[in-house]
Amino acid sequence: MINARCSCGALTLSLPGPSQLVVACHCLDCQRRTGAPFGVGAFYPAHAVTISGPSKQYVRTAASGGMVRSHFCPDCGATVYWYADNLPEMIGVAVGAIANPDFPPPIRSVFEQSKHGWVEIAGASHFQQGSVAKRLG
């Protein structure tokens, strides 16, 4: 088992292990959500994740067209996980909330049309546009 949590520890997730689908997203919404030049999410089957603690939800329209429901800690404000309409059976978990330097790197890098020029995601498949869902097949 792997654990993810917010900054204060009030919102936690128990994960079944390392994810096979880790994605770096450079869309402007992920840049704003993380306060960083890109976000990195690990995707799991939703039924395999146990969530403990309170969260608040922020709903937005994703660059891919569907809705994304981000869940963050109401105390410290850290985003820990999200659900996306384009991946209805999956939950996205912020890799930063896992806080393990040995966690697998991204295998996909999406929305690179808004990637900062100095960012390099080595070893990943690169896509100028498109969602994670469109790249699963």
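Start by selecting strand E3 together with strand E10 (residues 108-110): the two run parallel and pair over three bridges. To see one of the contacts up close, pick Ala24, whose bridge partner in E10 is Ser109. Keep in mind as you look around that this is a predicted model.

Now show the side chains of E3. Is this strand mostly covered or open? Mostly covered: five of its five residues are buried. Leu21, Val23 and Cys25 are buried on one side, while Val22 and Ala24 are buried on the other. In a regular strand, side chains alternate between the two faces of the sheet.

Next, colour the largest nonpolar core, which has 34 residues. Leu13, Leu15, Tyr44, Ile98 and Phe103 have the most contacts inside it. Among the elements that each supply at least two residues are E3, strand E4 (39-45) and helix H2 (95-98).

Zoom in on Ile98. Setting aside its neighbours within four places in sequence, Ile98 touches Ile2, Asn3, Ala4, Leu15, Ala42, Tyr44, Val93 and Phe103.

For the last stop, select E1, E2 and E5, an open sheet of three strands in the order E1-E2-E5 with antiparallel pairing. Strand E1 (2-5) and strand E5 (50-52) are the edges, each pairing on one side only. Strand E2 (residues 12-15) pairs with E5 over three bridges, and Thr12 stands opposite Ser52 in E5.

Terms used. Residues numbered from 1 in each chain as written. Predicted model: local features only at pLDDT ≥ 70, side-chain atom pairs only at ≥ 80, totals over all residues. Heavy atoms only, no water. Pairing = 2+ DSSP bridges. Helix = DSSP H or I, 4+ residues; strand = E, 2+ residues; numbered from the N terminus. Core = buried A, V, L, I, M, F, W, Y, C linked by side-chain atoms within 4.5 Å. Buried < 20%, exposed > 50% of the residue type's maximum accessible area, 1.4 Å probe, protein only. Contact = heavy atoms within 4.5 Å.
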